[in-house]
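Biologist: Could you show me the structure, please? I would like to go through it with you step by step.
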Amino acid sequence: MKDLFKNKLLWSFVGGVAATVAGSKFAKSDCARKAAVKSVATGMQLKDQVLVSYDTIVEDAKDIYAEAKSKKEAK
């Protein structure tokens, strides 16, 4: 019986089962849901900001290209 309490494999298994049970309880909790919703909302806001920045960069690049083309044709 003493050897049973010294068995590292057994304690690893028991720890894994405990972590799984605790993790599943946490995943189903309101706290976890609120955190997940907040994370997804933040990600969506970040995506929108990146798209706006990208559109601005593309417009600026097109303006620079058009200006360079007109200067080239003027020479």
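**Working through the model**

Modeller: The protein has 3 helices and 0 strands in its secondary structure. Please keep in mind that this is a predicted model.

Biologist: In what order do the elements run from the N terminus?

Modeller: The order is α-α-α, read from the N terminus on.

Biologist: What is the radius of gyration of the protein, and what would a compact globule have?

Modeller: The protein has a radius of gyration of 29 Å. A compact globule of 75 residues would be near 11 Å.

Biologist: And what box do the C-alpha atoms fill?

Modeller: Taken along the principal axes, the box is roughly 95 × 30 × 10 Å.

Biologist: Why does Val50 count as partly exposed?

Modeller: Val50 has a relative accessibility of 48%.

Biologist: What share of the residues count as buried?

Modeller: Of the 75 residues, 1% count as buried. The protein exposes about 7200 Å², and 66% of that area is supplied by carbon and sulfur atoms.

Biologist: Let us turn to the surface. Which residues form the nonpolar patch?

Modeller: The nonpolar patch on the surface consists of Leu10, Trp11, Phe13, Val14, Val17 and Val21. Together they have about 540 Å² of accessible area.

Biologist: Where is Leu10 found?

Modeller: Leu10 is part of helix H2, which covers residues 8-27. Leu10 counts as partly exposed because its relative accessibility is 30%.

Biologist: Now the charges. How many positive and negative side chains does the protein have?

Modeller: There are 14 positive and 9 negative side chains. The centres of the two sets lie 15 Å apart.

Biologist: Which residues gather in the patch of negative charge?

Modeller: That surface patch is made up of Asp55, Glu59, Asp60, Asp63 and Glu67.

Biologist: Take Glu67 from that group. Where is its place?

Modeller: Glu67 sits in helix H3, which comprises residues 30-74.

Biologist: And why does Glu67 count as partly exposed?

Modeller: Glu67 counts as partly exposed because its relative accessibility is 48%, and a residue must be over 50% to be exposed.

Methods: Residues numbered from 1 in each chain as written. Predicted model: local features only at pLDDT ≥ 70, side-chain atom pairs only at ≥ 80, totals over all residues. Heavy atoms only, no water. Patch = residues over 30% accessible without salt bridge, like charges linked within 9 Å, V, L, I, M, F, W, Y side chains within 5 Å. Areas by Shrake-Rupley, 256 points an atom, 1.4 Å probe, with all protein chains shown as cover. Salt bridge = Lys/Arg side-chain N within 4 Å of Asp/Glu carboxyl O. Lys, Arg positive; Asp, Glu negative; His and termini not counted. Charge placed at Lys NZ, Arg CZ, Asp CG, Glu CD. Helix = DSSP H or I, 4+ residues; strand = E, 2+ residues; numbered from the N terminus. Buried < 20%, exposed > 50% of the residue type's maximum accessible area, 1.4 Å probe, protein only. Rg over C-alpha atoms; globule rule 2.2 N^0.38 Å.
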